[in-house]
Amino acid sequence: MVGSAGGMCERPGPWWAELPPAAGAAVMATCILSVGLHLTGFEALSLALFALGGLGWVLLAGEFLARLIGNRRRWLTEADTPPALTAVAATTVVGVRCSQEGWAGLAYGLLAVAALAWPVLVFTVVRRWQRRMPGSAFLVCVATQGLAALAATLCLDEEVAWLGDAALAAFALGLLLYAEALFRFDFREVCRGLGDQWIAGGALAISALAGSRLYVLPQWSGSGHEALRWLTLVLIVLDLAWYVVLLAAETRWPRPAYDIRRWSTVFPLGMSAAACLAVSDATGLRWLHSTGLVLLWIALGAWVVTAGALVRNLRDRRRPNPGARAGG
């Protein structure tokens with residue numbers, strides 16, 4: 001510890017205590033890549049990322065509770081911002097991956113946690129919405145569709161009919177929230193955003209994923225079932241259109257510097273891949289499977305680059321400053 005004006009300064013806390021709420025997107029990105037790798041049969045790599053994402057969720061969830069109990073002012077300040085909703089979204093994505101492993105009890109627990117946090121965080125975020133919002137505004141849709149996707153997955157695996165109804169309601173609400181976020185989105189962020197502008201497409205991807213899970217539920221039939229199929233396909237096509245637009249903008253106006261919001265780029269990349277794979281499985285459109293496989297490896301490459309940049313950033317921030325010691 002180094003002396004300052006008062007003599008002593010506090011020992012720095014664990015590195016994850018320094019991370020802002022936007023860091024929850026790292027868990028989302030890691031676990032959705034694990035979901036996609038599981039769908040394509042790369043089980044060893046999928047499990048490795050699942051373990052890493054699960055550990056990240058535990059660390060960030062613990063810090064979330066620590067701030068809620070021990071630093072209420074900071075918690076309230078952060079809860080007013082859209083990145084706070086990564087807490088809900090990350091919980092649902094971890095839950096989907098748990099369900100893939102057959103851990104239904106844990107998936108139900110995560111669904112309950114996410115469902116309890118969702119109204120609190122959505123209310124605090126939406127009440128402060130303004131015009132010209134960044135891409136993180138779309139997290140209201142992502143969090144809601146995460147609930148829909150996890151509920152529909154559990155409904156299919158456990159044959160609990162009411163979960164399908166709840167999932168359909170969340171799916172419809174998520175689409176309405178997407179429309180509202182799109183109305184408030186500052187489209188200049190496409191050219192100058194530092195990563196979270198990609199959530200504009202990622203929100204459509206998770207909507208398509210939720211739609212694909214709803215489509216395969218046996219409780220839906222008739223014209224409504226067919227309408228759900230076409231709506232899911234429209235959502236995945238719109239997501240891919242956003243993908244092209246955002247990639248073109250990154251090429252035209254490159255932003256290579258690391259920012260924590262870059263995890264909000266990796267998550268939509270991975271979610272687009274997983275959504276293509278899931279929609280392909282549900283509808284039988286093989287070209288979506290091939291597309292999803294290509295996008296999956298692109299997303300994995302982006303994950304590796306972003307994870308390396310995060311490690312370097314944390315190392316540099318915690319490295320002692322000789323000038324500060326000399327100056328006392």
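Helix axes here are lines fitted to C-alpha atoms over the stretch in contact, and their angles run from 0 to 180 degrees between N-to-C directions. This is a predicted model, where local features need pLDDT of at least 70 and side-chain atom pairs count only at pLDDT 80 or more, while totals for chains, interfaces and linings use all residues. Residues are numbered from 1 along each chain as its sequence is written, and side-chain values use heavy atoms, leaving out hydrogens and water.

**View 1. Helices α1 (residues 24–39) and α2 cross at roughly 155°, their axes coming within 8 Å.** Helices are DSSP runs of H or I with at least four residues, numbered from the N terminus. Angles over 145 degrees count as roughly antiparallel, so α1 and α2 are roughly antiparallel to each other.

**View 2. Gly56 sits in helix α2 (residues 43–70).** Gly56 is buried at a relative accessible area of 17%, because buried means under 20% (1.4 Å probe, protein chains only). Thr30 lies 26 residues from Gly56 in sequence, yet their C-alpha atoms are 9.1 Å apart.

**View 3. Here is helix α11 (residues 263–283), with end C-alpha atoms 30 Å apart.** In α11, 20 of the 21 residues are buried. Gly284 follows α11 and has a positive phi, near 80°.

**View 4. Take a look around Trp263.** Beyond neighbours within four places in sequence, Trp263 is in contact with residues including Ala25, Tyr258, Trp303 and Leu310.

How values were computed
Helix = DSSP H or I, 4+ residues; strand = E, 2+ residues; numbered from the N terminus. Expected span 1.5 Å × (residues − 1). Buried < 20%, exposed > 50% of the residue type's maximum accessible area, 1.4 Å probe, protein only. Contact = heavy atoms within 4.5 Å. Parallel < 35°, antiparallel > 145°, perpendicular 65-115°, else oblique.
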